[in-house]
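Reader: I am new to reading protein models. Could you take me through one, feature by feature?

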Amino acid sequence: MQPSAVPELAHTHTRPIHWVATATAVAGVVALSSVLQPGAATAAPPGPHTKSAPAHAAPPDPAAVEFPLECGPVKAVVKKKVSGDLDGDGRPETVAVVHCDAPMGTPPDGVYVLTRAAGSTEPRLVATLVDPRDRTNVDDFALRDGEVTAALLGYSSADVPSCCPDVRESVKWRWENGAFVRSTPSGAKSV
C-alpha cells in the first residue's frame, strides 16, 4: 500500500465531542438571537401633503333606490349591475340596468348611476345613462378601466316590432369634468 499524499486529517472522522460542540454552538446562536431583537417599528405621523386611503366602502345597493320608471302594476327589476369607483373619489358607484318586470314583450332598459355621499349610508341616483323612453335594451354590459361599456339594441324605425331590435350600437361612458360623457367607437353601429 502506498502512503497517501494527503495526511489524515483529524476533522474527517466525527466523534461524539464534535456533535456536542456543534449543538452548543447552535444553542448559543439561538439564545443570542432571542436576546438581540430589532427595536419597535415607528412611523412618522402623516404630514400636510400625505393623503390617506379612504376606508373600503360597500357599493350602493340598487334595491334601496326607487328608479324613475313608469311600471304600472308591475315592479322595476334590476337586470344587471356593476360597481367600481367611476369618479376617482375613492368610493364605489353602482351602475344598474333596470326595466319593468312586464309579463309579455321586451320592456326597454334604463341605465342608472348610484352613489353614496361621504358619511351617508343611503344610496342615491345621480345620473341616467340610458332613458327607457329611448326604447333600447342593454347587452354586453360591463365596467372596464373606469368606463361603463354596453351594446344598445334598438330599432331603425317605429315599424320594427319591439320583440326584434334591428340596430346594435356599442357605447361607453366615462366620468370627465363632473359629468358622464358618452362616446361611440367609430363604426360601432350596425343594422
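Author: Start with Glu 147, which is found in strand β6. Keep in mind that the model is predicted.

Reader: Is Glu 147 buried or exposed?

Author: Look at the relative accessible area. Buried means under 20%. Glu 147 has 16% relative accessibility, so Glu 147 counts as buried.

Reader: Which residues does Glu 147 touch, leaving out those up to four places away in sequence?

Author: Glu 147 touches Ala 142, Lys 172, Trp 173 and Arg 174.

Reader: And where does Ala 158 lie?

Author: In the loop between β6 (147–154) and β7 (167–176). Here the cut-off for exposed is over 50%. Ala 158 has a relative accessible area of 70%, so Ala 158 is exposed. Now compare sequence with space. Ala 158 and Arg 135 are 23 residues apart along the chain, and their C-alpha atoms are separated by 9.9 Å.

Reader: Where does Arg 135 lie relative to the ring of Tyr 155?

Author: Over the face of that ring. Arg 135 is at 4.4 Å from the ring centre of Tyr 155.

Reader: How many bridges join β2 to β3?

Author: There are 5, between β2 (residues 93–100) and β3, and these strands run antiparallel. In this pairing, Val 97 stands opposite Val 111 in β3.

Reader: Over how many bridges do β3 and β4 pair?

Author: Over 6 bridges, in the antiparallel sense, with β3 spanning residues 110–116. Val 111 stands opposite Val 130 in β4. Tyr 112 stands opposite Thr 128 in β4.

Reader: What do β3 and β4 form, and how many residues are between them?

Author: They form a hairpin, with 6 residues between the strands. Check the turn as well: Gly 119 there has a positive phi of about 80 degrees.

Reader: How many residues of β3 are buried?

Author: In β3, 7 of its 7 residues are buried. Next, ask which way each one points. Gly 110, Tyr 112, Leu 114 and Arg 116 point one way from β3. Val 111, Val 113 and Thr 115 point the other way.

Reader: Now take Lys 80, in β1. Which residues does Lys 80 touch, beyond those up to four places away in sequence?

Author: Among them are Val 95, Ala 96 and Val 97, as well as Val 138 and Asp 139. Lys 80 has a relative accessible area of 28%, so Lys 80 is partly exposed. Lys 80 and Asp 139 are 59 residues apart in sequence, yet 9.5 Å apart in space, C-alpha to C-alpha.

Reader: What is a disulfide?

Author: A covalent bond between the sulfur atoms of two cysteines. The count here comes to 2 disulfides. One is formed by Cys 71 and Cys 100, with sulfur atoms 2.0 Å apart. The torsion about its S-S bond is about -80 degrees, so this disulfide is left-handed. The pair links distant parts of the chain, 29 residues apart. Cys 71 is in the loop between α1 (16–35) and β1, and Cys 100 is in strand β2. Both of these cysteines are buried.

Reader: Which cysteine does Cys 163 join?

Author: Cys 164, with an S to S distance of 2.4 Å. That link is left-handed too, with -70 degrees about the S-S bond. Cys 164 has a relative accessible area of 39%, so Cys 164 is partly exposed. Number the bonded cysteines in sequence order, and the pairing is 1-2, 3-4.

Reader: Last topic: how many aromatic pairs are there?

Author: The count comes to 2. The rings of Phe 67 and Tyr 112 have their centres 5.2 Å apart and their planes at 40 degrees, so the pair is tilted. Phe 67, in the loop between α1 and β1, is 45 residues from Tyr 112 in strand β3. The rings of Trp 175 and Phe 180 have their centres 4.9 Å apart and their planes at 70 degrees, so this pair is edge-to-face.

Terms used:
Residues numbered from 1 in each chain as written. Predicted model: local features only at pLDDT ≥ 70, side-chain atom pairs only at ≥ 80, totals over all residues. Heavy atoms only, no water. Pairing = 2+ DSSP bridges. Helix = DSSP H or I, 4+ residues; strand = E, 2+ residues; numbered from the N terminus. Buried < 20%, exposed > 50% of the residue type's maximum accessible area, 1.4 Å probe, protein only. Contact = heavy atoms within 4.5 Å. Disulfide = S-S within 2.5 Å. Phe/Tyr/Trp six-rings, centres within 6.5 Å; stacked < 30°, edge-to-face > 60°. Lys NZ or Arg CZ within 6 Å of the ring centre and 35° of its normal.
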